[in-house]
Every structure is written in C-alpha cells, then in structure tokens.
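Morning, everyone. Let me put the model on the screen, and then we'll walk through it.

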Amino acid sequence: MEMPTPNPDILARKARIVERLREVLPRDAVIDDVHETRAYECDALTAYRCPPLCAVLPASTQEVSDVLRICNEEGVPVVPRGSGTSLAGGALPTADSVILGVARLTEVLETDYENRFIRVQTGRTNLSVTGAVEEEDFFYAPDPSSQLACAIAGNIGMNSGGAHCLKYGVTTNNLLGVTIVLMDGTVVEIGGAHLDAGGLDLLGVICGSEGQLGVVTEATLRILRKPEGARPVLMGFDNNEVAGECVSDIIKAGVLPVAIEFMDRPVIRATEAFAHAGYPDCEALLIVEVEGSEAEIDEQLGLITQIARKHNPVELRESTNAEESAKIWLGRKSAFGAMGQINDYMCLDGTIPVSSLPYVLKRIGEMSEEYGLGVGNVFHAGDGNMHPLILFDANKPGDLELCERFGADILKLCVEVGGCLTGEHGVGVEKRDLMHAQFTAEDMEAQLRVKDVFDPKWLLNPAKVFPLDVTESRRVA
Amino acid sequence: MMNPVTEAELAEAVAGAAGPLRIMGGGTRPIGKPVAGELLSVAGLTGIELYEPGALTIVVKAGTSVAEVEAALAAEGQRLPFEPMDHRLLLGSTGEPTMGGVVAANVSGPRRIQVGACRDSLMGVRFVDGRGTVLKNGGRVMKNVTGYDLVKLMAGSYGTLGVLSELSFKVLPVPEAVAVILIEGLSDEEAVRALSAALGSPFDVTGAAHAPVGVDGAPVTMIRIEGFADSVAYRAEALKTLLAGFGEIAVEADPEKTAAGWRWVRDVEAFAGQPGDVWRISVKPSDGPRVGAALKAQGLLYDWGGGQIWARVGEGRDIRPALEGVGGHATLIRASEDTRAALPVFQPEPAPLAAISAGLRAQFDPRGILNPGLMG
C-alpha cells in the first residue's frame, strides 16, 4: 500500500506544531511521545501502520476548531479518527499528519422523544446512543457489527450500515443534522431536528465523505420506537442459487424483513465448530428476521416459510421464543470471529444487485480455485451487500499480496454486474486504487471538486478514497 | 427551445450553450426565482431502462413521466416509497410531471416520515454538468459508500448543479391493506401531540397529518398505517387505545377513500384555486403549532407529524420572521413572478454555508448557465 512521502518540512517543524497545539488544548490532550503515538498507528485494517506526527484529543467543538485552524495555518494534514474500527484504513495516519481523535466528545446533548431525535457528540459509540434512549423503548437504527466500539463520527464518515438497514436504512437515512468544523476552523451547523435541507443537501454529501470535508463534532440522529418484538427464521439450502432465488421471492412477495442474512458452507462449518449454534451442514443458510407483535410476526414468518418451502429447504427452523432467536443469531454474530480462528482473513464489502447473487457466488467459487485461496461468504443478502472473507496466511510471504489481488478481482466483478466496491465499510486506503474500476476520470474529478470547496488546501485525510495519482496535483499544491 | 432525446444530445446542448439555460422536465413545478435563458427540455429523454421487481430496483431516464413509472410499478404490485406530490393542482400548472423534476425538487409526500425523502430512495444518478460532461454517481444498489454521495447533492438542487439524465430508485411493495385513524375537532397543539404519540409508538405509522380545516370544514387529524390486513387491523385497534384520550376516534379502511384523503394532503388540494402565496415550512413537529399561529395564515395544513407546514398567506409577504429563533426552513412554493423575484424563495443560508453552496455551483457549473439564480 503506497502512502505519500511525508513532508520533511512538516517533520522538521514537529516541536513548533506540538507547542502551538498545546497552547489550545490541555496538556494530556496532545500526544507526541513516539511510544504513545503508536496507539494511533493503525485502525482495524492492521496490515498497514504508521505512527502520526502527533495525536490530539479535543473535548469540545471549540477545541476541534482551534486544532484545525492551527493545522490549516501550518499546512499539516489532519486525519480524523472515531474509535479506530475502520476496516478500510480510513484512520491510517501518515508520519506528517495529526490524528484528531474524537474519543473525548461523548456527551448526550439532548434527547427529545416527542420529536424523536437525539443530539450527541460524535465520539459517543453507536451502541451507547441506543443505550441513552433504551429506557423509553427507543433505539438508533444503524447497527454496524462493531457497534459496541465504533463512534458516531466514524459512522457518519463512512455512512455505516448494519444488518437491519434493509428496513431502516443506513446512517445517511437516519442523520438529521451535524455540527461540522471546516479545515479553517469555521464551525457550521447543517440541518437539525427538522426534516430535509432548505438549500443544497450538504448533509447528504458530508455523510460518507470519510473525514475529507470536515470534522463532525455533534450529530442530530433520528431515533425510533422499538418494535413490539422480533423473531428470525433459519433456512438451509443445498444450493447457493436456490437460496438467492428464495431471497428474491421473499422480497417480491411484499414482506419487508428487517434483515436477510446469508452464510455459505465454509462459514457455516467454521461457526458451527466455534459457536455450536446447531446450524445444519448445508451449502447455504439464510436468517430472515421480521418485527411486530406476536401475531404479526407469526403471520410474516408463515408467509416466508411458505415461500421457502417452494425451494425445498433442507432445514426450516422458525424461532418461537427469545432463546431460540438468540441461538439462531449466535452463529451469524460469531461468524467473523470463527473465521478468524481458523485463518487470517480479509473482509470485502462489495454490493451487488440482489438478482446477481447466484452468478457472483459461483464466480467467487471459481476464482477461489484459481487463486488457491479459500473464501467464505457471509453477508446482508436483502440489500446485496456481500462480505466475502478471503482466507490467507499472514506469515507466508506473498500470501497477503495474492489475497489482495483476489479481493480486487471480486470487487471488480461486483462493479461489472452493476454493483459497487464498498457498501458500508468505505474506500479508505484499502479500495482507493480500485476506484478506476467504478468511476471514469471525470466522475472522480467531480468528487474532487467537492473537496476543493470544503478543503481547498487538501489537508483533511488527503491520501484516502481516491487513487494517489489522481489527487497528487491537489495534495502538493 | 432545445429538446434533446439522448444523453449525448443533452450533453452537446449544454456544452454548446451560448448563454443561460432554463431547464425543464414536465414543466409542472415552476418553483424558484424566475430564470431568464433558453429553454432546455429534458422531456425527450424517456423510458424505463431497467426494472427488477425482485431487487426492488428501477432505472429510468429523467424525462420519463411519473405516471408511466407508477403504472409499471403498480403492474408488479410495487410503488415509489416516498409518495411524490403532484404540484399541478396547487400551482395551476399543466403538463406531465417527470421523474427528473421529482428528483430535482426532492419532492416527497406524507410517507416521508417513515421511508425518507425522495433523496433517500434515490440510488444513482447520471447527469450533465455545466461543462457538458456526462457524470455518474451512485448506482443501482441501496448500500453504496464508494466515493462521495453526489446522488444526495443532486436531489433538490433544482438543476443548478447539473441536468439529470438518468435515475435509479429503490422501490417497495404496495402493502395489502391500509387504515386511517381519524380524530375530529383537535386544536393544532392537541393534534401534534396526538401525532407525536402515534409516531412514537411501535405501530409503524406511514402518514401523520392535521388539517385545521378539513374537507367538511372541521379540524381533522389523520394517522395512516399500512401492511398486511390482520396487522393493520391490530395496529388500528392499538392506536385507538393509545389515542383514546384525544377524543372520538374513527377508523377508515376503504382503499379508495383513504387514497383520496392522503392525495388531498399530499397535493395540498385545500389551497388549489384559493388566493394567496403558498409556503412550505419544515420545523421540528412540536414547533409546528407555534409557527403555524405566528404565520397569521389564511390557510394551514400540517403534515409529517406537524413538522411540515403548508401555509397560504397574503401575496408578497415574507413569512420568515415567524420562524425567528426556530430551527428549520421555509420555501416559497407558489407566488407571482414579481414576488418570487423580490423575496428569497429558498431559506437564506448563514454565510459559511452560502459560500459552500456558491462554491459547489461554481465547480459544477463554472459558466453559471444552469438555471442561474433559481435557488437565489
């Protein structure tokens, strides 16, 4: 993974930059000791590491503004960081950059059940947003699998999804407003507790911009009343294609499940050995969850199982109570951990039209043989967001590179069938160089021009999202 | 008038434009500051490019009529989730509303509170920028975080950033049944409290409106639920119980009557043919009644749980002082050309935001030829 050469001039000015940052932040909020900055050398994409020039942990919007103003004046790149759970290297620093962590911005600023929103500082974790409204039976819908740790700031940066977005949408559909600090330190409010923008939808373009347009310090989020209940049904098939058809038929029938999750045989076997969820040993497994009152759930599950039966499932297990539901979800929720037990893996995140599911699974299988690397599939089938896990041996020379080439081929396949490189993890550095597969030079140029407006000096997370050769003239300008 | 029928012709028309262009789809939504310029019609770019009911996806050319798209979806038991308003009655316009127009104005109806706005169902766009370059963003999948989301930026940009040529949407199944809870005689404050109670319940409300003057002259509060028949019946009962304290409750489940009732709300039929300017205001629902009262309007209609206010007021009057100290925005939807030229049609933005909006327009349309000045 190529990163820009650190600017020697910035490295030489480290002491002065740190001193200026210390003038606006408490002593312990500026971390410049070379041992301590190691904590910020990578995010969850651990294959790539680089300690930053320093890290800062501002505790207010004003402090964020002061930090950005100074970095802007000094011409220092800033890499915003939520909780560091990005799988795409979104928070990977360069040696000449300042990591701006939002970990100290964790307050709940306002909860309003009558108008159904919560306003929080963005260092707060995803799950603790729901935690703040749970006693009134409300919840915040986007639920990325890292929700225990990941910060709202990162969710907004990557426009995070989760298992339940088939019904509730992703972050952008649940974000009502932000307080954002621009690179020159200007603090701007966009949106609020009301719906939709009065002018251009700037909120829409900020969400998912991977920390390249500004640092979001506060967010107004839509909260929803919890459904009366939810229950899944598990179904096993002896053929991926048939499972794919079943997904399509369920969607066409007018049922709108909150989640349709898919696992293939390698993943089923690994999770079974790891979590003992009692999954059948079959080619493909679907978990379909619906919500509502007991009677409503029964009705919907009845309809879904009726559709499933037409596809000759090898197993059909309707949950009747919370314990059975937990058991059905147990394997799915431990899938990533289980795969990690047997091997190193790289997790991809391409999205495809649901109709291409069988074809893409077949091609991934063929490519797996060509590359000689195993692959497991576990993903959100309802919205076509795939998560192929490519298995490799990090200790074997050349295996990571082989795995990356295989991954790139899978993502190109996703684009070919009408999908995209990343559905919810973001581009970061991981998929940066694949952007050519999805966008023409002009398509990318249009996006760069948006950054030109928000961050004319190209200092915010500059080495991400777009191929380095595409952004070079702007980054050095 | 330029009337391209392909995307390539559209790009040529923009690239070769000698001066400002006035961009039009079906011409049924004359919203915004009056624009002087040569007419560029997108109505010739028509057709459904792809429709996959099993993937809940439809891709259409921007000039395709809303009616054609809705008919194609209905044939498969599906629909556009966001219930786009038809502005013809309110604005007294004629012609065929197009999908490009719906997106350009980010037009959403009562179901916006549950499924989101037009921009939330829009998955991909193709458009021609002010240089005449064909650009694409997004695609035809719901989950897509590849690069910046220019799809949202294009929705509601009224043709000032680019001319839309192709659009892809997520669609949803038409539910089996619908029921509407009706409460008569509530004050605006009581009504919004009732709507909030319903929207804060687990019963999945898909419409929440209040008309201080209903069809028969009395105040009426309307709450819609949709889904499978048994489920709708169950939730209607549950909502009746929940809202019992607000007054006598009726339930209407006749599909034609409920559809007509929500069309009346969606299209603001109450103000059709009535004198005065019409404003659309978005605030948080609990601010709705206070703002509504401060407007001193000749007519009011509350949608989106009370947060969207349609107000009919005397001609030429700027109502924005009524929003003083309240978060939200107001758009002048219907007024004479003179009034639209004199008053800000869109909510004035604070300086840093206005600078960003102007910067984006300059980047996408450096010659300033796409509906120049329409958004102020």
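How many residues does the contact take from chain B, and how many from chain A? Chain B gives 69, and chain A gives 74. Keep in mind throughout that this is a predicted model.

Let's stay on the chain B side of that contact. Which elements supply it? Several helices and strands of chain B each bring at least two residues to the side that touches chain A. On the helix side, we have H6 (118-121), H7 (150-154), H8 (188-199), H9 (229-242) and H13 (351-364) of chain B. On the strand side, we have E7 (134-138), E14 (277-283) and E17 (328-334) of chain B. H13(B) gives the most, with seven residues. As for residue classes, the side of chain B that touches chain A divides into 27 nonpolar, 28 polar and 14 charged.

Now chain B as a whole. It has 13 helices and 17 strands. Its C-alpha atoms fill a box of roughly 65 × 50 × 35 Å along the principal axes. What about the radius of gyration? Chain B comes out at 21 Å. For 376 residues, a compact globule would be near 21 Å, so chain B agrees with that expectation.

Over to chain A. The assignment divides chain A into four pieces: domain 1 (8-103), domain 2 (108-225), domain 3 (230-336) and domain 4 (343-416). Look at domains 2 and 4 of chain A. Their centres, over C-alpha atoms, are separated by 30 Å. The two domains do touch: the contact takes four residues from domain 2 of chain A and four residues from domain 4 of chain A. On the domain 2 side, that is three nonpolar, one polar and no charged.

Last stop, a helix pair in chain A. Helix H2 covers residues 14-24 of chain A, and helix H3 covers residues 61-74 of chain A. Their axes come within 9 Å and cross at roughly 155°. That angle makes H2(A) roughly antiparallel to H3(A), because anything over 145 degrees counts as such. The crossing of H2(A) and H3(A) is right-handed.

Which residues meet there? From H2(A), we have A:Ile17, A:Arg20, A:Leu21 and A:Val24. From H3(A), we have A:Glu63, A:Asp66, A:Val67, A:Ile70 and A:Glu74. By class, the contact of H2(A) with H3(A) holds five nonpolar, no polar and four charged residues.

That's my tour. Over to you for questions.

Technical notes. Residues numbered from 1 in each chain as written. Chains lettered and ligands numbered in written order. Predicted model: local features only at pLDDT ≥ 70, side-chain atom pairs only at ≥ 80, totals over all residues. Domains from an automatic or database assignment. Contact = placed C-beta atoms within 7 Å. Nonpolar A, V, L, I, M, F, W, Y, C, P; charged D, E, K, R; others polar. Axes fitted to C-alpha atoms, helices over the stretch in contact; angles between N-to-C directions. Helix = DSSP H or I, 4+ residues; strand = E, 2+ residues; numbered from the N terminus. Parallel < 35°, antiparallel > 145°, perpendicular 65-115°, else oblique. Left-handed = near helix turned anticlockwise from the far one by under 90°. Rg over C-alpha atoms; globule rule 2.2 N^0.38 Å.
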